[in-house]
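Here is a short note for a colleague who is meeting this structure for the first time. Please keep the sequence and the model open while reading the points in turn.

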Amino acid sequence: MPKERPSALTKAMNLLAVRSLSEAELLDKLLRAGYSKEESENAAVECIKRHYVDDEQLTIDCVDILHQRNLGAGQIRLKLSRRGFDAEKISEQLAESPEEELEAAKRAMAGKLRLLTRENDPRKKREKLFRFMAGRGFAPSLIFKLIGEEEEL
């Protein structure tokens, strides 16, 4: 006898037990699992009512975690928008933590400088450092400021 398929809410709860998801991610996973749009939306609404899904708090947590991983605002925006977070909430959270951005940039730069100790040409060292920092999502103005403060280059 075939096993009965769990409800969309049960599936949503099982997904949320593994990791926190944004509302958009939850809806997407439920739709991919074969639930109808109405069932998926009802399950997501119920999860929001029960506070199992809280996009605002999850945005705050994710921004903090990604800053700890030495990523800049550009990369954080990209990663969170891919996960379906609201762009305004992301921008608000990033605007509230400019000192975290600066600290993340300093940590990333210090780590890269340790790897660039063999590079003798200061121009090449600055170029490599700039590319690395830009790839991590830091603003060019911040990168230039930090490179300018670094006297050993």
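1. Basis of the model. This is a predicted model, in which local features need pLDDT of at least 70 and side-chain atom pairs count only at pLDDT 80 or more, while totals for chains, interfaces and linings use all residues. Residues are numbered from 1 along each chain as its sequence is written, and side-chain values use heavy atoms, with hydrogens and water left out.

2. The pair H2 and H3. Helices here are DSSP runs (H or I, at least four residues), numbered from the N terminus. Helix H2 (residues 23-32) packs with helix H3 (residues 37-49) at an angle of about 145 degrees, and their axes are 9 Å apart; the axes are lines fitted to C-alpha atoms over the stretch in contact, with angles running from 0 to 180 degrees between N-to-C directions. On the H2 side the contact (heavy atoms within 4.5 Å) is made by Glu23, Leu26, Leu27, Leu30 and Leu31, and on the H3 side by Lys37, Ser40, Glu41, Ala43, Ala44, Cys47 and Ile48. Sorted by class, the contact of H2 with H3 has 8 nonpolar, 1 polar and 3 charged residues, where Ala, Val, Leu, Ile, Met, Phe, Trp, Tyr, Cys and Pro count as nonpolar, Asp, Glu, Lys and Arg as charged, and the others, Gly among them, as polar.

3. Side chains of opposite charge can pair when their charged atoms come close. With a salt bridge taken as a side-chain nitrogen of Lys or Arg within 4 Å of a carboxyl oxygen of Asp or Glu, the count comes to 7 salt bridges. In one of them the side chains of Arg19 and Glu25 meet at 2.9 Å, N to O, and Arg83 also forms a salt bridge with Glu25, the closest N and O atoms being 2.8 Å apart. Because Arg83 lies in the loop between helix H5 (73-82) and helix H6 (87-95) and Glu25 in helix H2, this pair ties together parts that are 58 residues apart in sequence.

4. Buried means under 20% relative accessible area, exposed over 50%, and partly exposed in between (1.4 Å probe, protein chains only). Glu25 counts as buried because its relative accessibility is 12%, whereas Arg19, at 41%, counts as partly exposed. A further salt bridge joins the side chains of Arg50 and Glu46 (2.9 Å, N to O); Arg50 is partly exposed at 37%, and Glu46 is partly exposed at 25%. Shared partners join the salt bridges of Arg19, Glu25 and Arg83 into one network.

5. Glu119. This residue lies in the loop between helix H7 (98-115) and helix H8 (122-135). Glu119 counts as buried because its relative accessibility is 18%. Its side chain and that of Lys128 are joined by a polar contact of 2.8 Å, a term for a pair of N or O atoms within 3.5 Å, of which, within protein, one must be able to donate a hydrogen and the other to accept it, and residues adjacent in sequence count only if both atoms are side-chain atoms.

6. Ala73. Ala73 is placed in helix H5 and, at 16% relative accessibility, counts as buried. Leaving aside neighbours within four places in sequence, Ala73 is in contact with Leu94, Glu101 and Gly137.

Notes. Helices (H or I, at least four residues) and strands (E, at least two) are DSSP runs, numbered from the N terminus.
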